[in-house]
Amino acid sequence: MTDTKSVNAHLCRSVLAFARVLSCTTYRRISVAVFETTGWYVVEYDYSAERYFIRSEFQVDSTSVTNYSVDNVFDVNQSVYVVSSAYQQNETIVAFTSDGIVTRNIEGDYTLVTSNVSYRENLPFDTNTAPFTPVCFVKGTLIATAQGPVAIESLAIGDKVIGSTGPRTVKWIGWRNYHAVALRTPEQRTNCTPVRIRAGALADNLPSQDLRVSPWHHIYIDGVLVRAKDLINGKTVVQETQAQEFTYYHIELDQFDVVQAHGVYSESWADGGNRDFFQNVDVTALRPEDKMRRTAHRPGFKALRKPAEIAVIHERIAARADMLSAALDTLAA
């Protein structure tokens, strides 16, 4: 007679798991990489639609995926060892999300192992981990509203946020979770890991506390929009390339504008045909034109792209970084 644990163990084979910790050790010349998660989802592959779908609520069950290979990088078609409280079996990696691994067991069942509890049942999800260029705020960023600062993940449709000319209405909110297990190349990490703009990096008290955004997110500075990656100086503006797990959020307004976060203005979401980037979007409901990549329209704002134009702003921020560093050295003397 099959007990509940056996049933759960069988279901576990269909799970896509999101991870919290990626650790690597070496033993007897075999590299061991472990992807440890807090649970999993039952996943189904629809051959007609050629997509994976979430088929269960989040199953809380600590799960690890171990890769015994010649290197410590997980990859498609690798054999891995999956272990949970009631299940142990060799499986094969068939796909990645930006924050987890999809595996298939010998019986053909699919599993998504993860710490991300936000997937909805019957939601199709993206397994394309080609380099994305996210334009977002990191979870926890405080957005200025008429009622005071609010963490971006706590905003709701209809809320009023502070724009360049006054209150703007939140029309839509998107999010995407990342984990280092899916960022398997230097290019992917450079394209995706957050940029930290330290407190006071841009001017006195700007930002008022560290501001973390995606590399491609535009900061409003000196009357123009500049991507965060173009402001990196290694001192006061740095990229967190070793980040293990992070979540990006963005908000669409009733009209494109810049919004205030930690005292600094930066862009709201602009439609560049990239709504399918966000994990809370049902991609099957999008029209083909909704997924056609294009230059996002930012009416009323100029976005700098020419290195010579950006250099003036970059050099000013770098000079300020040197000044702040010298001041700290003086205080420490």
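The domain bounds used in these legends come from an automatic or database domain assignment. Every view shows a predicted model.

**Figure 1. Overview of the protein chain in the predicted model.** The chain comprises 333 residues, of which 52% are buried. Its secondary structure consists of three helices and 22 strands. Among contacts in the chain with a separation of 6 or more, 63% join residues 24 or more positions apart.

**Figure 2. The largest cavity, located between domain 1 and domain 2.** Two cavities of 30 Å³ or more are counted in the model, and the view shows the largest, with a volume of about 70 Å³. By class, the lining is made up of seven nonpolar, three charged and two polar residues. Because domain 1 (27–125) and domain 2 (137–332) both contribute residues to the lining, the largest cavity lies between the two domains.

**Figure 3. The largest nonpolar core and the surroundings of Ile313.** This core contains 31 residues; Val161, Ile197, Ile219, Val226, Ile251 and Ile313 are the members that touch the most others. At least two core residues each are supplied by strands β14 (166–179), β15 (195–197), β16 (211–213), β17 (218–221), β18 (224–227), β20 (245–253) and β21 (258–261), and by helix α3 (307–332). With neighbours within four places in sequence set aside, Ile313 is in contact with Ile221, Asp222, Val224, Val226, Leu231 and Leu304. A second, separate core has 14 residues, including Trp40, Val65, Val80 and Phe96.

Figure 4. Gln88 lies 24 residues from Ser64 along the chain, and the C-alpha atoms of the two residues are separated by 9.7 Å.

**Figure 5. Asn77 and His262, two loop residues with positive phi.** Most residues other than glycine have a negative phi. Asn77, in the loop between β4 and β5 (79–84), has a positive phi near 80°. His262, in the loop between β21 and β22 (264–267), likewise has a positive phi, near 55°. The relative accessibility of Asn77 is 64%, over the 50% limit, so Asn77 counts as exposed. His262 has a relative accessible area of 9%, under the 20% limit, and therefore counts as buried.

**Figure 6. The cis peptide bond between Leu206 and Pro207.** Most peptide bonds are trans. The bond from Leu206 to Pro207 is cis, and its omega is near -5°. Pro207 is placed in the loop between β15 and β16.

Terms used
Residues numbered from 1 in each chain as written. Predicted model: local features only at pLDDT ≥ 70, side-chain atom pairs only at ≥ 80, totals over all residues. Heavy atoms only, no water. 1 Å grid on protein atoms, 1.4 Å probe; cavity = no way out; pocket = protein on both sides within 12 Å on 5 of 7 lines; lining within 4 Å. Points joined across faces, edges and corners; volume = space filled by probe spheres on them. Nonpolar A, V, L, I, M, F, W, Y, C, P; charged D, E, K, R; others polar. Core = buried A, V, L, I, M, F, W, Y, C linked by side-chain atoms within 4.5 Å. Buried < 20%, exposed > 50% of the residue type's maximum accessible area, 1.4 Å probe, protein only. Helix = DSSP H or I, 4+ residues; strand = E, 2+ residues; numbered from the N terminus. Contact = heavy atoms within 4.5 Å.
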